[in-house]
Amino acid sequence: MSQWFSNLDRLLRGEFTKKDELQGGRVEMPARKLILAAVVLGGVYGACMGLYSAMGGREHTGWAVAATAAKVPLLFLLTLLVTFPSLYVFAALANSRLGMKQMLRLLVAAIAVMLGVLASFGPITAFFTLSTDSHGFMVLLNVIFCGIAGMVGLAFLNRAINAVFPGGAAGAIDEHASADERRAAAEESGRARRIVRVWLLIFGAVGAQMAWILRPFIGNPQLPFALLRPRWSNFFEFILNSMGDHWR
């Protein structure tokens with residue numbers, strides 16, 4: 001297991017995503033070991049998150065913690081499964097140098113970064129769980145932490161993907177190229193970046209809705225344990241309705 005986290009440390013330090021290797025269409029990393037480490041870290045954060053639902057002295061508290069510990073890595077892995085085909089197609093349209101296997105490894109790396117960042121917030125989540133009884137505050141705190149982890153992971157992915165497009169990284173354009181060639185490369189790079197940004201929005205939207213489907217993560221101690229809530233509405237409608245209620 002120590003080797004799993006050693007590989008995650010190398011990933012966070014950028015050793016698996018060096019520009020020269022990405023520009024050559026190479027993504028060499030132990031994807032399986034990284035995803036296993038990420039699943040463990042996601043489970044740790046999920047357990048810290050699920051502690052709140054166990055604070056009310058109700059029955060099945062152990063199941064509540066275990067369910068949340070399983071749901072957190074499952075949320076990210078299912079989001080990866082749903083969005084990977086679109087990433088590969090978008091990257092191919094943008095003339096990426098990476099093949100399907102390399103693109104999958106890069107997305108696995110981004111998920112590992114997200115869950116690594118999220119796990120680092122685990123002690124803070126556990127601290128507030130034990131020091132407050134405000135369900136609304138705990139929901140907001142965990143939404144913020146998940147948002148930060150998601151943004152860091154997507155920023156990592158965006159930076160890595162930009163390096164694999166023609167002209168997408170510093171030094172990728174031949175210094176002896178003509179002005180027209182440089183202009184064409186810059187336009188292609190800009191188009192590729194716009195395509196990737198659209199996909200990043202899709203990833204975020206899918207992740208938000210996946211979290212809605214898998215709820216509850218932070219169970220309310222006043223309610224009975226439930227593995228999943230009834231499927232009504234959607235994440236975005238819920239947010240809009242909540243904003244509307246707030247401003248009335």
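## Helices and pockets

Helices here are DSSP runs of at least four residues, numbered from the N terminus. A pocket is an open set of grid points, and its lining residues have an atom within 4 Å of a point. The model described below is predicted.

Why use a probe at all? Rolling one the size of a water molecule over the atoms shows where empty space is left.

## The largest pocket

The largest pocket has a volume of about 1200 Å³. Its lining holds 36 residues. Val-139, Val-143, Ala-211, Phe-217 and Phe-235 are the closest to its centre.

Which gives the largest share? Helix α7 does, with 11 residues. By class, the lining of the largest pocket has 23 nonpolar, 11 polar and 2 charged residues.

## The second largest pocket

The second largest pocket contains about 200 Å³ of space. It is lined by 13 residues. Nearest its centre lie Gly-14, Thr-17, Phe-156, Arg-159 and Ala-160.

Here the elements giving two or more residues are α1 (2–12), α2 (19–23) and α7. Again, look at α7: this helix gives the most to the lining of the second largest pocket, with 5 residues. The lining divides into 9 nonpolar, 2 polar and 2 charged residues.

## The cavity

How many cavities of 30 Å³ or more does a search of the whole structure find? The search finds 1. The largest cavity has a volume of about 90 Å³.

The lining of the largest cavity has 16 residues. Ala-64, Pro-216, Gly-219, Phe-225 and Ala-226 lie nearest the centre of this cavity. By class, the lining splits into 9 nonpolar, 4 polar and 3 charged residues.

## A nonpolar patch on the surface

Now turn to the surface. Leu-140, Ile-144, Ile-148, Met-151 and Val-152 form a nonpolar patch there. Together they have about 440 Å² of accessible area.

Take one of these residues, Val-152, which lies in helix α7. Is Val-152 exposed or partly exposed? Its relative accessibility is 37%, so Val-152 counts as partly exposed. The reasoning rests on two cut-offs: buried means under 20% relative accessible area, and exposed means over 50%. Partly exposed is the range in between.

Definitions and conventions. Residues are numbered from 1 along each chain as its sequence is written. This is a predicted model: local features need pLDDT of at least 70, side-chain atom pairs count only at pLDDT 80 or more; totals for chains, interfaces and linings use all residues. Side-chain values use heavy atoms; hydrogens and water are left out. On a 1 Å grid over the protein atoms alone, a cavity is a set of points where a 1.4 Å probe fits but cannot get out, and a pocket is an open set with protein on both sides within 12 Å along at least five of seven lines; lining residues have an atom within 4 Å of a point. Grid points are joined across faces, edges and corners, and a volume is the space filled by probe spheres set on the points. Ala, Val, Leu, Ile, Met, Phe, Trp, Tyr, Cys and Pro count as nonpolar, Asp, Glu, Lys and Arg as charged, and the others, Gly among them, as polar. Patches are made of residues with over 30% relative accessible area and no salt bridge: like charges are joined within 9 Å, nonpolar side chains (Val, Leu, Ile, Met, Phe, Trp, Tyr) within 5 Å. Accessible areas come from the Shrake-Rupley method with a 1.4 Å probe; for residues, only the protein chains shown count as cover. A salt bridge is a side-chain nitrogen of Lys or Arg within 4 Å of a carboxyl oxygen of Asp or Glu. Buried means under 20% relative accessible area, exposed over 50%, partly exposed in between (1.4 Å probe, protein chains only).
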